[in-house]
Amino acid sequence: MTFTLPPLPYAADAFGDTLSAESFSFHHGKHHKAYVDKTNELVGVTVDLAGASLSEVIRAASDRGNRVLFNNAAQLWNHSFFWQCLTPDPVKPSGKLAGLIDDFGGQDALVSALKQEAVGHFASGWAWLVLDGGALKVTSLHDADSPVVQDGIKPLLTIDVWEHAYYIDYRNARPSYLDALLAKAINWDFVAQNLDGEGIARADQAG
Ligand SMILES: [Fe+2]
């Protein structure tokens, strides 16, 4: 069995100018697909990983210092998680998530912290909202690094800050991309689901 490119959970043109269909055609159809294809190619020559789930492949590659396999498999997972973090019809956080956001300092403080982390992240990587010891924490990880191999944190939300994520619609203006996504496209329902600590499974695939 091979890993597959998960379909987008919405139409590619659903976000209008916020994220264009052309942007999705490259980001999902070419960048994400390339990570899928390369992961399958690499797992295909690693006999003892045949049948391993995507998260198992990521952890094994990390443990063995196999950077090429780790980078491709982690990027496969990171993007599969990222698409689910977006929605063209966002609703405000409620329930338990709203309480945790209040503890953080409120919605404006959280959005500001996410923007600051994402804009300030040097070069390629991912901004993350994670659950750490029962509280919300904003952080970022470099390149393909992923919460799949980070002990103690549970992924809730991610924003891709690789240049390929925003160059078609925003050119070099990463802050404008962040402003648009945070105001118009965050799937807070998905974030709330991940409070169960099972976020890694939501972008995993069987081997
Ligand atoms: Fe990306």
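A residue is called buried here if 20 or more other C-beta atoms lie within 10 Å of its own, exposed if 12 or fewer do, and partly exposed in between, with the C-beta atoms placed from the backbone. By that rule R171 counts as exposed, because it has 11 C-beta neighbours inside 10 Å. The model is a predicted one, in which local features need pLDDT of at least 70 and side-chain atom pairs count only at pLDDT 80 or more, while totals for chains, interfaces and linings use all residues. Residues are numbered from 1 along each chain as its sequence is written.

R171 sits in the loop between α6 (167-170) and α7 (174-184), where helices (H or I, at least four residues) and strands (E, at least two) are DSSP runs numbered from the N terminus. Its phi is near 50°, a positive value in a residue other than glycine. Most residues other than glycine have a negative phi. A123 likewise has a positive phi, of about 65°, although it is not a glycine, and A123 belongs to the loop between α5 (107-120) and β1 (125-132). A123 is exposed, because 9 other C-beta atoms lie within 10 Å.

From these loops we can turn to the domains. The domain assignment of the protein chain, whose bounds come from an automatic or database source, gives domain 1 (21-84) and domain 2 (95-199). The C-alpha centres of domain 1 and domain 2 are 20 Å apart. Across the boundary, 18 residues of domain 1 are in contact with 16 residues of domain 2, a contact being a pair of residues whose C-beta atoms, placed from the backbone, lie within 7 Å. On the side of domain 1 that touches domain 2, α1, α2 and α3 each supply at least two residues, and the largest share, nine residues, comes from α3. By class, this side of domain 1 has seven nonpolar, nine polar and two charged residues; Ala, Val, Leu, Ile, Met, Phe, Trp, Tyr, Cys and Pro count as nonpolar, Asp, Glu, Lys and Arg as charged, and the others, Gly among them, as polar.

Helix α3 (residues 67-84) also packs against helix α2 (residues 54-64), at an angle of about 150° and with the axes 9 Å apart; the axes are lines fitted to C-alpha atoms over the stretch in contact, and angles run from 0 to 180 degrees between N-to-C directions. In this pairing L54, S55, V57, I58, A61 and S62 of α2 meet L69, F70, A73, A74, L76 and W77 of α3. The residues of this contact of α2 with α3 divide into 10 nonpolar, two polar and no charged. Leaving aside residues up to four places away in sequence, A73 touches T39, L54, V57, I58 and A61.

The largest nonpolar core has 48 residues, and those with the most contacts inside it are I58, A73, W77 and L129; such a core is a set of buried Ala, Val, Leu, Ile, Met, Phe, Trp, Tyr and Cys residues joined through C-beta atoms within 7 Å. The largest share of this core, eight residues, comes from α3, and the core draws at least three residues from each of domain 1 (21-84) and domain 2 (95-199).

Two further helix residues complete the tour. K30, in helix α1 (residues 21-44), is exposed, because 10 other C-beta atoms lie within 10 Å. Q107, in helix α5, is partly exposed, because 14 other C-beta atoms lie within 10 Å.

Key
Two residues are in contact if their C-beta atoms, placed from the backbone, lie within 7 Å.
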